[in-house]
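Colleague: I'd like to learn to read a model like this one, feature by feature. Could you walk me through it?

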Amino acid sequence: MYERKIPKTLDCGISVIMEVIGGKWKTCLIYNISNGWRRPGELQKQNPAASRRVLNQQLKELEEHKIVRRVIYAELPPRVEYFLTEFGESLLPVVRLMEKWGDENKELVMELLAVSND
């Protein structure tokens, strides 16, 4: 099993939230689930640049942190859906502020990225 070389320190709020939502797709997954996309295929369509494996891994981590709840329906074929827990819903104000900041600063960041790629 993997053993961390540097131990986790959760001694400040930023390190706590980064432990929970740090990851390229976790915040997008929380946002997508809150907007009604709950099945793995729907989440894949909303995040086409992410591989299914990575999305499943990050959904599993969100489930371990009690942010999302996975429901498996007893059907053939089995159907899986993800829902935000009450704890997960407490992150929505943070996610919405991140979205607002991104919308307000999108053009500037794109300009900065274009300059750094030259």
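**Salt bridges and helix packing**

Modeller: Arginine 70 is partly exposed, with a relative accessible area of 41% (buried means under 20%, exposed over 50%, partly exposed in between, with a 1.4 Å probe and protein chains only). This is a predicted model, so local features need pLDDT of at least 70 and side-chain atom pairs count only at pLDDT 80 or more, while totals for chains, interfaces and linings use all residues. Residues are numbered from 1 along each chain as its sequence is written, and side-chain values use heavy atoms, with hydrogens and water left out.

Colleague: Which residue does arginine 70 meet in a salt bridge?

Modeller: A salt bridge here is a side-chain nitrogen of Lys or Arg within 4 Å of a carboxyl oxygen of Asp or Glu. Arginine 70 pairs with glutamate 63 at 3.8 Å, N to O. Glutamate 63 is partly exposed too, at 26% relative accessible area.

Colleague: How many salt bridges does the structure hold?

Modeller: Five. One of them joins glutamate 75 and arginine 79, with the closest N and O atoms 3.1 Å apart. Glutamate 75 is partly exposed at 36%, and so is arginine 79 at 22%. Those two also belong to a salt-bridge network with Glu81.

Colleague: And where do lysine 100 and glutamate 104 lie?

Modeller: Both sit in helix H6, four residues apart, about one turn of the helix. Helices are DSSP runs (H or I, at least four residues), numbered from the N terminus. The side chains of lysine 100 and glutamate 104 form a salt bridge at 3.7 Å, N to O. Lysine 100 is partly exposed at 48%, whereas glutamate 104 is exposed at 56%.

Colleague: Now the packing. At what angle do the axes of H1 and H2 cross?

Modeller: Two packed helices are described by the angle between their axes and the distance between the axes. Here the axes of H1 (residues 13–21) and H2 come within 8 Å and cross at roughly 70 degrees. Axes are lines fitted to C-alpha atoms, for helices over the stretch in contact, with angles from 0 to 180 degrees between N-to-C directions. H1 and H2 are therefore roughly perpendicular, a label for angles of 65 to 115 degrees.

Colleague: Which residues meet there?

Modeller: Glu19, Val20 and Ile21 in H1 meet Lys26, Thr27 and Ile30 in H2, where contact means heavy atoms within 4.5 Å. The buried residues of H2 (residues 26–34) include Lys26, Thr27 and Ile30. Just after H2, glycine 36 takes a positive phi of about 100 degrees.

Methods: Helix = DSSP H or I, 4+ residues; strand = E, 2+ residues; numbered from the N terminus. Parallel < 35°, antiparallel > 145°, perpendicular 65-115°, else oblique.
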